Amino acid sequence: VQLQASGGGLVQAGDSLRLSCAASGRTFSSYAAGWFRQAPGKEREFVARITWSGDTYYAEPVKGRFTISRDNAKNIVYLQMNGLRPEDTAVYYCAASTIVALTPKFYAYWGQGTLVTVSS
């Protein structure tokens with residue numbers, strides 16, 4: 001599975017962005033997908049994940065503000081980010097896994113990352 005993340009940019013606090021992760025290769029619909037982020041000087045952290053059937057789970061800092069979804073017909077996973085805050089600034093990565101997991105080590109396939117910068 002090859003993943004390509006896009007949609008990052010520079011926004012102001014309170015704005016919204018939608019990240020996309022386009023997949024190619026094997027049948028993406030059979031994989032769980034996740035979004036992770038890594039801020040400068042920090043470890044990569046879990047943001048949200050979605051199973052092949054659409055079940056979702058979010059990290060506490062983004063719960064209620066971010067929404068993960070997928071379009072299996074188009075092989076795309078989205079991350080809708082509303083109410084962005086300066087602390088959301090990070091490189092965002094999409095990833096795919098054959099199991100449902102919250103930690104990066106269980107995700108075998110990764111996109112290249114897209115930078116989100118939120119100014120105050």
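Leu17 has Met81 of β8 as its bridge partner. That pair sits in a predicted model, where local features need pLDDT of at least 70, side-chain atom pairs count only at pLDDT 80 or more, and totals for chains, interfaces and linings use all residues. Residues are numbered from 1 along each chain as its sequence is written, and side-chain values use heavy atoms, with hydrogens and water left out.

**The sheet**
- β3 (residues 17-24) and β8 (residues 76-81) run antiparallel to each other and share six bridges; strands count as paired if DSSP finds at least two bridges between them.
- Both belong to an open, antiparallel sheet of four strands, ordered β1-β3-β8-β7.
- β1 (2-6) and β7 (66-71) are the edge strands with a single partner each, so one side of each has no neighbour in the sheet.
- On average, neighbouring strands here are turned by 15° against each other, direction ignored (axes are lines fitted to C-alpha atoms, and angles run from 0 to 180 degrees between N-to-C directions).

**The fold**
- You'll find 11 strands and zero helices (DSSP runs: E of at least two residues for strands, H or I of at least four for helices, numbered from the N terminus).

**Size and packing**
- The C-alpha atoms fill a box of roughly 40 × 25 × 25 Å along the principal axes.
- Of the 120 residues, 43% are buried, meaning under 20% relative accessible area with a 1.4 Å probe, protein chains only.

Methods. Buried < 20%, exposed > 50% of the residue type's maximum accessible area, 1.4 Å probe, protein only.
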